[in-house]
Amino acid sequence: MNGFRVHDFCAHPIIRVEHAMPPLDPALDAEIESLWSTASDRVAAGGAGALFNGRVFSADTITPDAIVGHLTEYRRIVAQMERPALFHALRLRPLAACGVLRCADGIVFGRRHASAVYQAGLWQLPPAGSVDANAVRPDGVVDVAGQLRAELREEVGLSPDDVDAPVPLCVVEHPGSHVCDFGMALTTSLNGEAVLAAHRVRGNGEYPTLRIVPLAELPDFVAAFRDEMVPPAPIFLRRAVSAGWT
């Protein structure tokens, strides 16, 4: 699918930090800082909030049984998104926890902020976000399901108690940016009105628009907005259906 690579894995793959963040030579560091500054100014001017240079998990190797990597600066990831050719020097494959949230009335979609640093203005399946250092346990194991629950609370306004345990689907690696979306299916017994109300009251503004698409209307919605939708979304939806999730 236009260069997008799907990684299959076992039911419960191990995700672990095993390597240190590589050092940068001064010239590369300066280039990254310049790209980071430009992106930060653009995002702030567009009203999407401020970028924070935290630590994010990047996959060094992905196999059916394990994803092994290191924690890297977010500014390095943003620089690689801004200039994909930097992958040859940085080799970053940032992992993102991505949900496919089904409520009693259908599937939850969110429209990304028009000034987002990546895939601005596209329809996405929330919750979704980078796997950061807070998801790393003392033994180095990365709790990607825990990261997804944190994103659920922050972006949608729902408590982890509102959903069933996440069901892993697959990883979709983007061409160019090499972002690796780790898809997981989520189910809540709440109806669409309750989900939208939680988003209005407690959501953090990541998605200015949230929409509930009934299952019967899902094929038409995906077909109508395919060019305005993050490419992994249809892949995760197909995987969820194949797994008997719906």
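A word first: the model is predicted.

Let's start with β10. The strand covers residues 180-187. How many of its residues are buried? Eight of the eight. So β10 is largely enclosed by the rest of the structure.

Now take the strand face by face. In a regular strand, side chains alternate between the two faces of the sheet. On one side of β10 sit C180, F182, M184 and L186. On the other sit D181, G183, A185 and T187. Both faces are covered.

Next, the partners. Strand β5, residues 95-103, pairs with β10 in the parallel sense. That pairing has eight bridges. Strand β9, residues 167-173, runs antiparallel to β10. Here six bridges join the two strands.

On to the hairpin of β9 and β10. Six residues lie between the strands. Among the residues of this hairpin, G176 takes a positive phi near 80°.

Last item: Q119. Where is this residue found? Q119 is in the loop between β6 and β7. Strand β6 spans 106-111, and β7 spans 123-124. Buried or exposed? Relative accessibility is 16%, so Q119 counts as buried; the cut-off for buried is under 20%. What does Q119 touch, leaving out residues up to four places away in sequence? The contacts are R112, H174, V230 and P231.

To recap: β10 has all eight residues buried, and Q119 is a buried loop residue.

Terms used. Residues are numbered from 1 along each chain as its sequence is written. This is a predicted model: local features need pLDDT of at least 70, side-chain atom pairs count only at pLDDT 80 or more; totals for chains, interfaces and linings use all residues. Side-chain values use heavy atoms; hydrogens and water are left out. Helices (H or I, at least four residues) and strands (E, at least two) are DSSP runs, numbered from the N terminus. Buried means under 20% relative accessible area, exposed over 50%, partly exposed in between (1.4 Å probe, protein chains only). Contact means heavy atoms within 4.5 Å. Two strands pair if DSSP finds at least two bridges between them.
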